[in-house]
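Hi,

Here is the structure I promised to pass on to you. Have a look at it first, and then read on for what turned up.

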Amino acid sequence: MAKALVISSEMDTVHLLQVKLGKDGYEVISVRTGDEGLEQVRQEKPEVVIVDPQVPGVRGMELVSHLKEDAKPAPAVIVLSSKSSAADIGAAFAAGADDFVGQPFSPQGLLERMRVNLVRVGRLRAESEGA
């Protein structure tokens, strides 16, 4: 079972992701601050991290950068943000994010993007392999 770490202080979003990802077979860990997120990524070594860059503590693109640097192997990092200007998206990718999803979002669309990014970063085999 793949682990997904959700870093968000938006409890409605956290609950939605816990339910949707849990039904899709993910073990979901959720935290409310960037500091807790960095601690959990080191301890739990999740395959994917979904992060709202507006969380308290270490935040923004500094948080995204640390998530990619601090865990080995590095998880797929998907930024989930209500701020989705071209500059915000560019900053996320420059910090090392693997994908960016603006809010509001489709939970099913997020799941598909998670799968694609997990395959791309080598944390999940493509369905056509091994079939």
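Two strands count as paired if DSSP finds at least two bridges between them. Please keep in mind that this is a predicted model. In it, β1 and β2 pair in the parallel sense, over 5 bridges, with I7 standing opposite V31 in β2.

That pair belongs to an open sheet of 5 strands, in the order β2-β1-β3-β4-β5 and with parallel pairing. At the edges stand β2 and β5 (99-102); each has a single partner strand, so one side of each is left without a neighbour in the sheet. On average, neighbouring strands are turned by 20 degrees against each other, direction ignored.

Now the helices. α3 lies across β1, β3 and β4, and runs at about 165 degrees to β4. Helix α4 (residues 86-94) also packs on the sheet, where it touches β4 and β5; its direction makes about 150 degrees with that of β5.

The largest nonpolar core has 20 residues, and I7, V49, V51, L63 and L67 have the most contacts inside it. The largest share, 3 residues, comes from α3. Leaving out residues up to four places away in sequence, L63 touches I7, G34, L38, V51, V55 and V58. There is also a second, separate core of 17 residues, which includes Y26, V101, L111 and L118.

One residue I'd point you to is Q40, found in helix α2. Because its relative accessible area is 15%, Q40 counts as buried, the cut-off being under 20%. Beyond its neighbours within four places in sequence, Q40 is in contact with L5, I29, V31, K45 and P46.

Enjoy exploring it!

Best wishes

How values were computed
Residues numbered from 1 in each chain as written. Predicted model: local features only at pLDDT ≥ 70, side-chain atom pairs only at ≥ 80, totals over all residues. Heavy atoms only, no water. Core = buried A, V, L, I, M, F, W, Y, C linked by side-chain atoms within 4.5 Å. Buried < 20%, exposed > 50% of the residue type's maximum accessible area, 1.4 Å probe, protein only. Helix = DSSP H or I, 4+ residues; strand = E, 2+ residues; numbered from the N terminus. Contact = heavy atoms within 4.5 Å. Axes fitted to C-alpha atoms, helices over the stretch in contact; angles between N-to-C directions.
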